[in-house]
Every structure is written in C-alpha cells, then in structure tokens.
Amino acid sequence: MKGQPCLSAGYPEPYAATADTYDRLAEWAIEKWGESPRPHMAAFLRRLWSDRGRPVGEVLEICCGTGLMLEQLAALGYSVTGLDRSETMLQEARNRLGDRVPLIRAELPEIPVRQEFDAVVCPAAALNYMPDLDSLLKTFHAVALTLRDGGSFVFDILSRRRLENDFAQIWAGDLGDLAFIWKFEHDRSGAFSDLTYTQFLRTEGPAKDSYTAARELHRLYVLDRDAVREAAVEAGFTDIAVFDNYSSEPAGDSTHYETWTLTRA
Ligand SMILES: C[S@@+](CC[C@H](N)C(=O)[O-])C[C@H]1O[C@@H](n2cnc3c(N)ncnc32)[C@H](O)[C@@H]1O
C-alpha cells in the first residue's frame, strides 16, 4: 500500500476497520462538507455522456468502495464493473450489489481487466490517495488502456485549498449509535494531509452502552491542477475540463471538489 503510513504506524489499512460505517459517513460528508450526492454525480455523468453523442454502455469504476456509485449507474441502465484494493469495502459492495456486478480486487495503478469500457469513473476523491505524480500518471495510462477510442474518464479530487485550509481542523459527528472524530493535519511540506479518524460504534446485544472503537490513518495527497492536467495529456487524454463539484461551472480558486472530465484520444 504505497504512500500510506498506516501499517508502520500501527493502524489498520484505510477502510479495513470502518467499511461497515462508510455509507453513513458518506451521507455526513455530503451534509457537512458539501460533497456531491451520488445521484447528482450520476446525473452529471449521464448528461455528459449523452451530450457527447457517443453511446456509453459499459462503465468501470476504479476505487468503487462500497458500491454507492455502481448502484446509481446500474439503476440508470449502465453495465458496471468495480475495482478497489480494500477487501472490506468490496465485501460491502458485494452485499449491496449481489453477484450481478463484477468486482475486482486490485491496487492502482494496476487495472487487471481484459475488457474495454466506454467510460471509467472515479468519484469521491479516491485519487487523493495517489502518493505521487508517477503513480497518478501510471494510473492514467492504465485507464487509457481500458478505454475504447473516444472513451470518457471522469474523476473528482479534493483541491489544494480544501486540504490545506478548510480541512485543517477537527471535525466531530454524533449519529446516535455512532460517534466519530476526524482530525486533519496538513503537512508542512504542503504535499499531503493526514486524516486520523476515530469512531465509537454502539454494539447490539443485552449490554447497554457497550461500544467498539476503531481508529484509522488516511494520508490524502495534494494534486495540483497543472500537474494533473500535464499527466492527463501525457497519458493521451484530450478535451480536458475541470468543473466545480459536478456542476457546469468551471473550477476556480474557491473550488473544494474538482470534477475532471477527459476523453481518450
Ligand atoms: C473515499 S472512498 C470512495 C469510494 C467510492 N468511489 C464512492 O463513491 O463512495 C475511496 C476508495 O478508494 C480506494 N482506494 C484508494 N486508493 C486505492 C488504490 N491505489 N487502488 C485501489 N483502490 C484504492 C479505497 O479502498 C476506498 O474504497
């Protein structure tokens, strides 16, 4: 697991201990951090693909997590495949989607699929886990190889501003049976933020007020716009555009979530 200090620091790997609460935290992030709801992301994708006048049928989601987005896209009639490195997240996706959706366990930049796709997507800031531009570039190359000519690649990332300023604090939530704290610390180098996440989950059963505790360390890397664009061009993508959080507005200085749309030449 390149670039994640969790194991050497004595933490489980990201999402190993918290996959079963991920969906609830995703809802919380939509409300508190302005992350785009998955149905809104799916509507953006459908509009983009239909505006381009090139039919999209088969879609690969890299870093699919618990399958929230796969579920949305499948409901819109797309034939979907998911890929993720986390066994626990894929198990949640399997529970959600049943056996009808192919799910692949692999770690980017590896994309071990034989099939070609009309589109690849990567929502919810998963590429901020890429530890360096070399890994990002290799991932872009691997995505390009899985896409048919003219295929579409859409992903979102947290902006530098978001990681550097707005997240540099402690966030806490209380959802009744689940309480949690996120502590963000932006590294002085400016290259990444460390997010220490602690949760307490009330256990079911006769014992009242009994909790399990879990703690994870996630390192999220800053990906500057110019560097991302350069990597995308080098991997052979064209029509590169960056929007503000799944809207039609171009990304600007105040953008928190950058939505990137690319076409494989
Ligand atoms: C914030 S979650 C996003 C999940 C999903 N896309 C969604 O919309 O909810 C990030 C996911 O990226 C996965 N991930 C991070 N780095 C990865 C890598 N290098 N290769 C494969 N999966 C990765 C994590 O395991 C996690 O499931």
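**Ligand, pocket and cavity**

A polar backbone atom of Arg-85 sits 3.2 Å from a nitrogen atom of the ligand, a polar contact being a pair of N or O atoms within 3.5 Å; within protein, one must be able to donate a hydrogen and the other to accept it, and residues adjacent in sequence count only if both atoms are side-chain atoms. Of the ligand's own 600 Å² of accessible area, the protein covers 97% (Shrake-Rupley method, 1.4 Å probe; for residues, only the protein chains shown count as cover). The model is a predicted one, where local features need pLDDT of at least 70, side-chain atom pairs count only at pLDDT 80 or more, and totals for chains, interfaces and linings use all residues. Residues are numbered from 1 along each chain as its sequence is written, and side-chain values use heavy atoms, with hydrogens and water left out.

For Glu-61, a side-chain N or O atom is 2.8 Å from a ligand nitrogen; for Cys-63, a backbone N or O atom lies 2.8 Å from a nitrogen atom of the ligand. In total, 19 residues surround the ligand, each with a heavy atom within 4 Å of it. Tyr-22, Glu-61, Cys-63, Asp-84 and Leu-108 are the closest. Leu-108 is also joined to Pro-109 by a cis peptide bond, with omega at about 10 degrees. Pro-109 belongs to the loop between β3 (103–105) and β4 (117–122); helices (H or I, at least four residues) and strands (E, at least two) are DSSP runs, numbered from the N terminus.

Then there is the open space. The largest pocket holds about 860 Å³, and 48 residues line it, with Tyr-15, Ala-124, Ala-125, Ala-126 and Tyr-129 the closest to its centre. On a 1 Å grid over the protein atoms alone, a pocket is an open set of points with protein on both sides within 12 Å along at least five of seven lines, while a cavity is a set where a 1.4 Å probe fits but cannot get out; lining residues have an atom within 4 Å of a point. Helix α1 (22–33) gives the most to the pocket lining, with five residues. Ala-125, in the loop between β4 and α5, has a positive phi near 60 degrees despite not being glycine.

As for cavities, the structure holds one of 30 Å³ or more. Its lining consists of Leu-45, Met-69, Val-121, Cys-122, Pro-123, Val-154 and Tyr-246. Volumes are the space filled by probe spheres set on the points, which are joined across faces, edges and corners.
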